[in-house]
Structure formats: structure tokens, C-alpha cells
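Biologist: I would like to go through the labels attached to this structure and hear what each one rests on. Please set the value against the cut-off each time.

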Amino acid sequence: MFYFNKYFKVLKYVLVFFLMLSLVVACGSPTNLGMKDAGIDFPKDEKGYPKNDIVMINGKSYAINIAKNLDKKVEKEQEMEIDLKGKDNIVDVALPQWSVINYWSMEESLSLISYNIIDFPIDDKDMLEGTSNRVLRFKIKVADDEKTTLIFKWSNVNEMGKAFKDKKADYILKITVSH
């Protein structure tokens with residue numbers, strides 16, 4: 001009897017050890033740390049932050065004319081056109097948050113399928129004050145027989161909670177999608 005109690009006690013510790021080990025491995029996996037996040041390989045700068053002047057649409061990078069720093073003034077609106085030719089009617093748009101006090105929002109009338117916030121890991125020595133390591137990813141269903149214009153606003157966090165049309169934008173990106 002003494003032998004079985006000792007055996008079960010050891011077995012219990014072994015099981016707890018393997019359970020803890022599996023939790024540590026699962027929590028530290030690259031998908032949870034934001035690396036090559038959720039199937040996206042967003043262009044990064046030399047410190048590992050997502051480049052702030054790039055938008056990725058269906059995995060392809062496009063330049064956007066947003067300020068390189070907060071003091072620089074640029075045009076507040078940019079329009080671009082993409083053609084989905086023979087592809088499905090899902091548009092995957094990934095936008096860098098860049099500033100921690102700004103965020104991207106999308107016009108409410110669009111058919112949003114999913115919205116994800118992707119955090120890119122940054123080394124402590126490369127951390128910059130006020131710069132965000134996030135990419136905001138929107139997956140949107142568009143009509144497959146007509147042109148659709150996707151409108152995104154880059155606004156101050158003080159604009160959160162307001163209707164899209166009422167938000168004051170620091171930058172507006174319009175993407176016209178055709179088939």
C-alpha cells in the first residue's frame with residue numbers, strides 16, 4: 001500500500017510538470033508574440049517597428065503619404081485604386097498604427113469580416129516613446145460586380161466612440177477596389 005501511494009505522488013508531480021511545460025511553450029509561441037503575425041509579413045524599420053508609410057492590401061505593399069514624424073505636414077487625404085482581377089471578393093487591409101495616440105477606423109457601411117490588432121515584438125533597447133508597434137488588420141467583403149471604395153480615417157484616440165462621419169481625421173485613406 002505504501003508503495004502505491006508513493007507511486008501516485010510521483011505520477012502527480014510528473015503530470016503537473018508536463019502540464020506547466022506545455023503552458024509555457026504555448027504562451028511563448030511566435031504566434032502569440034506577434035512575429036510574422038497572423039500570416040502577415042509587414043515591412044519593418046531598422047528598430048523592428050512596422051513602417052508607418054506602408055499599407056498592405058491582400059499581401060502587397062503600397063506607399064502612403066503619411067507624415068514621417070508628427071511635426072511634418074502632408075496631404076491629409078490619399079486615394080488609390082486596386083484591381084482584384086479574378087480573385088475572391090475579400091480585401092485584407094493592414095495599416096500601421098504608428099502613433100500610440102492615433103488609430104485607424106473604417107466606414108461603418110462596409111462589410112467587415114474581421115478586425116485584428118497585431119503587436120510586433122520590440123527589444124527593450126529599441127523602444128521609442130510614443131511610437132506604436134501595432135498593425136491594425138481589416139478584412140472586408142466587397143461586391144464582386146462593382147467598384148467599392150474603402151475609406152479609413154487615422155484619428156486621435158479622443159475621436160473614439162464617435163460615428164465615422166463625425167470623426168476628425170488626421171489622415172484619410174481611400175482605396176477603390178474593382179474586379
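**Labels and their grounds**

Modeller: Trp98 is buried, because its relative accessible area is 12% and buried means under 20% (exposed is over 50%, partly exposed is in between; 1.4 Å probe, protein chains only). This is a predicted model, in which local features need pLDDT of at least 70 and side-chain atom pairs count only at pLDDT 80 or more, while totals for chains, interfaces and linings use all residues. Residues are numbered from 1 along each chain as its sequence is written, and side-chain values use heavy atoms, with hydrogens and water left out.

Biologist: Where is Trp98 placed, and what is its phi?

Modeller: Trp98 sits in the loop between β4 and β5; helices (H or I, at least four residues) and strands (E, at least two) are DSSP runs, numbered from the N terminus. Its phi is positive, about 65 degrees, although Trp98 is not a glycine. Most residues other than glycine have a negative phi.

Biologist: Why is Asn58 called partly exposed?

Modeller: Asn58 has 32% relative accessibility, so it counts as partly exposed. Asn58 lies in the loop between β1 and β2 (60-63), and has a positive phi of about 50 degrees without being a glycine.

Biologist: Is Asn52 buried or exposed?

Modeller: Asn52 counts as buried, because its relative accessibility is 12%. Asn52 is in the loop between α2 (30-33) and β1. Asn52 and Gln97 are 45 residues apart in sequence, yet their C-alpha atoms are 7.4 Å apart in space.

Biologist: Why does Ser178 count as buried, and which residues does Ser178 touch?

Modeller: The relative accessibility of Ser178 is 13%, so Ser178 counts as buried. Ser178 belongs to strand β9 (residues 169-178). Not counting residues up to four places away in sequence, Ser178 touches Ile82, Asp83, Leu84, Lys85 and Lys147; contact means heavy atoms within 4.5 Å.

Biologist: What makes a set of residues a nonpolar core, and which members of the largest one touch the most others?

Modeller: A nonpolar core is a set of buried Ala, Val, Leu, Ile, Met, Phe, Trp, Tyr and Cys residues joined through side-chain atoms within 4.5 Å. The largest has 25 residues, of which Trp104, Leu150, Phe152, Leu173 and Ile175 touch the most other members. Among the elements that give two or more residues to this core are β1 (54-57), β3 (77-83) and β8 (148-156). The most comes from β9, with four residues. Leu173 touches residues including Val55, Met80, Trp104 and Phe152, leaving aside those up to four places away in sequence.

Biologist: How do you know that β4 and β7 pair?

Modeller: Two strands pair if DSSP finds at least two bridges between them; β4 and β7 have seven, in the antiparallel sense. Val93 stands opposite Phe138 in β7. Strand β6 (residues 111-119) also runs antiparallel to β7, joined by eight bridges, and the bridge partner of Ser111 in β7 is Lys141.

Biologist: Why is Met160 called exposed?

Modeller: Met160 has a relative accessible area of 52%, so it is exposed. Met160 lies in the loop between β8 and β9.
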